Amino acid sequence: MREVPGAGHPGLTAAPRRLQLHFFDAAASDSVFVEQATCDFCDQTLATCAPISGLALSSPARAPIGGAQFGCLRCFEAGRFFVDNPLESFFTTPPQLSAADRARLQATPPFRAWQGAQWLCCCAAPMTFIGVWDHADFELHGHPKPAAAYFAEIGVNAGEFDYDREWSPRRSAHAEATFYAFRCGTCGRHLGYADCP
Ligand SMILES: [Zn+2]
Ligand SMILES: [Zn+2]
């Protein structure tokens, strides 16, 4: 399992819990919900939380935001608070968003990325983030194509990275790039992009 941004930070939980939203369908640990803390909305201890201080929050639904330090994943999914995902977070020029997509995207927590999460678009809509990929994922989804060929095909900035150095089983001990994968909710294709510290 390759290192992802923020891994190794004390207090991180490795829970394999999935966060399933319209634009986010991946391990919750790929999102900003990675702290084990007491939720200030439901008081559950050792909950999988996002630090409120690091988030732009909008429209608290049921509980006052003032003074809250952590919000848990369950309270987030229950709509007790919103994580504000800035709409300028697109890798390329975004399409005209429908009102429904705009609202959904604003309520989608960013995934953890070295240089900040950026959404890819396909079929005139934002794609769904489906996780951080390593070699096994490229092999699985690209089969029967070689993993490196599939990376070159779906990586929108693949030309800036050396697959063998960063992702292959023979990768460098200094490999540090991370690949963020997306699926189009309309045509089903995969795309992704890579970044590094
Ligand atoms: Zn809670
Ligand atoms: Zn598409």
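**Exercise 1.** In which sense do strands β1 and β2 pair, and over how many bridges?

*Solution.* First, the ground rules. This is a predicted model: local features need pLDDT of at least 70, side-chain atom pairs count only at pLDDT 80 or more, and totals for chains, interfaces and linings use all residues. Residues are numbered from 1 along each chain as its sequence is written, and chains are lettered from A and ligands numbered from 1 in the order in which they are written.
- Strands are DSSP E runs of at least two residues, and helices H or I runs of at least four, numbered from the N terminus.
- Two strands pair if DSSP finds at least two bridges between them.
- β1 (residues 18–21) and β2 pair in the antiparallel sense, over four bridges.
- Leu21 has Phe24 in β2 as its bridge partner.
- Two residues separate β1 from β2 in this hairpin.

**Exercise 2.** Give the strand order of the open three-stranded sheet.

*Solution.*
- The order is β3-β4-β5, with antiparallel pairing.
- β3 (35–37) and β5 are the edges; each has a single partner strand, so one side of each lacks a neighbour in the sheet.
- β3 and β4 share three bridges.
- Ala37 stands opposite Ala47 in β4.

**Exercise 3.** Which residues does Phe129 touch, leaving out those up to four places away in sequence?

*Solution.*
- Contact requires C-beta atoms, placed from the backbone, within 7 Å.
- Phe129 touches Phe23, Phe24, Ala26, Phe111, Tyr180 and Phe182.

Terms used:
Contact = placed C-beta atoms within 7 Å.
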